[in-house]
Amino acid sequence: MPLRPVSTVSALADALRARVLSGEIEPGTALPEQEIAAAYGVARPTVREALAALVHEGLLRRERNRSAHVPVVSAADLADLMFVRRPLEELMATALAGRRVAEAEAALARMAELPPGSPWGRVVAEHMALHQALIVAVGSPRLERLYGTLAAETRLGLVRLRRVYDEDRAALIAEHRDLLDAIAAGPAKAARAAVRAHLDHSWGDHVPGHPAEPPASDTTA
């Protein structure tokens, strides 16, 4: 199959995306078009298109008459993200209990095979691919669509985890191995419990002041 040439806009967007997801460009950092154009040796219209693509993905934000910037994802933002994400992934666990998902297993294998020192953005990509594969395997377009709306914030949140896992990626791999094994083993109640434990452990404790979660009524097997 012949390879397609990569446009300058796409190449620049890829380079900036990798730097954002690796944490090299820190949250809160502005990306002025003129500075980006000078740094990469490209025209400002090219920069504008590349930045627009990342704004569309949710990895950058832009207000009127201001440079695009990397959003700051606070602890309260992460708590709220988990407040919404957790029930969606519990629905996934209920539907997939007793099954293995080949695409999720493949994403975990790719994560494990990344050489030491690989950019954190590559870890983020495989992490997202694993969770997305589980959601897609349910076969619910609405669940997939709802989960997709959280993708950008989840990816930005994963940048924060670099401080926890960058020096011990084996722990991140082991946690996802445990998650996939628990879902495959079932039953649904145990699979849901594994999802809750995984998300709570990965993203930290509940942030005071966030709306309280409803009491668990986990009676389904």
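This briefing walks through the fold, the core, the cavities and a few individual residues of the structure above.

The model is predicted, so local features need pLDDT of at least 70 and side-chain atom pairs count only at pLDDT 80 or more, while totals for chains, interfaces and linings use all residues. Residues are numbered from 1 along each chain as its sequence is written, and side-chain values use heavy atoms, with hydrogens and water left out. The protein chain has 10 helices and two strands, and 41% of its 221 residues are buried.

**Overall fold**

- Along the sequence, the elements of the protein chain come in the order α-β-α-α-β-α-α-α-α-α-α-α. Helices (H or I, at least four residues) and strands (E, at least two) are DSSP runs, numbered from the N terminus.
- Of the contacts in the protein chain with a separation of 6 or more, 76% link residues 24 or more positions apart. Contact here means heavy atoms within 4.5 Å.
- For single residues, buried means under 20% relative accessible area, exposed means over 50%, and partly exposed is in between (1.4 Å probe, protein chains only).

**The largest nonpolar core**

- The largest nonpolar core has 58 residues, and L16, L31, L60, M92 and L134 touch the most other members. Helix α6 (residues 120-138) gives the largest share of this core, with eight residues.
- A nonpolar core is a set of buried Ala, Val, Leu, Ile, Met, Phe, Trp, Tyr and Cys residues joined through side-chain atoms within 4.5 Å.
- If you click on L134, look for its contacts with M92, L96, V101, A104, L180 and I183, leaving aside neighbours within four places in sequence.

**Cavities**

- Rolling a probe the size of a water molecule over the atoms shows where empty space is left.
- On a 1 Å grid over the protein atoms alone, a cavity is a set of points where a 1.4 Å probe fits but cannot get out, and lining residues have an atom within 4 Å of a point. Grid points are joined across faces, edges and corners, and a volume is the space filled by probe spheres set on the points.
- By this rule there are two cavities of 30 Å³ or more.
- The largest cavity holds about 50 Å³ of space, and its lining consists of V20, I25, P27, V70, P71, V73, L156, V159 and R160. Helix α8 (residues 151-165) supplies the largest share of this lining, three residues.
- By class, the lining of the largest cavity has eight nonpolar, no polar and one charged residues. Ala, Val, Leu, Ile, Met, Phe, Trp, Tyr, Cys and Pro count as nonpolar, Asp, Glu, Lys and Arg as charged, and the others, Gly among them, as polar.
- The second largest cavity has about 40 Å³ and is lined by R99, R100, V101, E105, L134, L180, I183 and A184. Helix α9 gives the most to this lining, with three residues.
- Five nonpolar, no polar and three charged residues make up the lining of the second largest cavity.

**Residues in helices**

- A182 lies in helix α9 (residues 169-185) and is partly exposed, with a relative accessible area of 22%. A182 is in contact with A191 and A194, leaving aside neighbours within four places in sequence.
- The C-alpha atoms of A182 and A93 are 9.3 Å apart, although 89 residues separate the two along the chain.
- T46 sits in helix α3 (residues 44-57) and is buried, with a relative accessible area of 16%. Not counting residues up to four places away in sequence, T46 touches T8, V9 and L12.

**Loops and backbone**

- Most residues other than glycine have a negative phi, and most peptide bonds are trans.
- The peptide bond from G186 to P187 is cis, with omega near -5°. P187 is in the loop between α9 and α10 (188-203).
- N65 has a positive phi, near 65°, and is not a glycine. N65 belongs to the loop between α3 and β2 (68-69) and is exposed, with a relative accessible area of 77%.
- T149, in the loop between α7 (141-148) and α8, is exposed, with a relative accessible area of 59%.

Conventions:
On a 1 Å grid over the protein atoms alone, a cavity is a set of points where a 1.4 Å probe fits but cannot get out, and a pocket is an open set with protein on both sides within 12 Å along at least five of seven lines; lining residues have an atom within 4 Å of a point.
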